[in-house]
Amino acid sequence: QVQLVESGGGLVQAGGSLRLSCAASGNIFRVDVMGWYRQAPGKEREFVGHISRDSTTSYADSLKGRFTISRDNAKNTAYLQMNSLKPEDAAAYYCNAQIRQTRWSLLRDYWGQGTQVTVSS
């Protein structure tokens, strides 16, 4: 079994910062791309950014410069540093990871349960 657990969400004032974590655990051989998505009430889930195993990153254009993704391969953990937060950043933030459970198994997509970010104006 594989689990992805996000943490670090909460309430922050506009202009503030939060750092989210996403930890993968369980029967894991290798974690490849790890990504972050978010979903605000009444809106579709949207791509925030992702990071490959060699730490190459890609971000949604609207978030470049404010959000930074990093990872620790030894801990199977990815981080989302969010700065200069705006009320429109409020959403449930979800982690996604492509994981191989054995050397020979296919990559599979896994999702966390989400962590809520609230930004007060």
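This is a predicted model: local features need pLDDT of at least 70, side-chain atom pairs count only at pLDDT 80 or more; totals for chains, interfaces and linings use all residues.
**Exercise 1.** Determine where Glu6 lies and which backbone nitrogens lie 2.7 Å and 3.0 Å from a polar atom of its side chain.

*Solution.* 
Step 1. Glu6 belongs to strand 1, which spans residues 2-7.
Step 2. A polar atom of the Glu6 side chain lies 2.7 Å from the backbone nitrogen of Cys95.
Step 3. For the backbone nitrogen of Gln113, the distance to a polar atom of the Glu6 side chain is 3.0 Å.

**Exercise 2.** State which side chain of opposite charge is nearest to Glu6, and decide whether Glu6 has a salt bridge or none.

*Solution.* 
Step 1. The nearest side chain of opposite charge is that of Arg45, 7.4 Å away.
Step 2. A salt bridge requires the charged atoms to be within 4 Å.
Step 3. Glu6 therefore has no salt bridge, although Glu6 is buried.

**Exercise 3.** Find how many disulfides the model has, and explain which parts of the chain are tied together.

*Solution.* 
Step 1. The sulfur atoms of Cys22 and Cys95 are 1.9 Å apart, and the cut-off for a disulfide is 2.5 Å.
Step 2. This pair is a disulfide, and the count is one.
Step 3. Cys22 lies in strand 3 (residues 18-26) and Cys95 in strand 9 (residues 91-100), so the pair ties together parts 73 residues apart in sequence.
Step 4. The angle about the S-S bond is -75°, and the link is left-handed.
Step 5. Cys22 counts as buried because its relative accessibility is 0%; Cys95, at 0%, also counts as buried.

Definitions and conventions. Residues are numbered from 1 along each chain as its sequence is written. Side-chain values use heavy atoms; hydrogens and water are left out. Helices (H or I, at least four residues) and strands (E, at least two) are DSSP runs, numbered from the N terminus. Buried means under 20% relative accessible area, exposed over 50%, partly exposed in between (1.4 Å probe, protein chains only). Lys and Arg count as positive and Asp and Glu as negative; His and the chain ends are not counted. A polar contact is a pair of N or O atoms within 3.5 Å; within protein, one must be able to donate a hydrogen and the other to accept it, and residues adjacent in sequence count only if both atoms are side-chain atoms.
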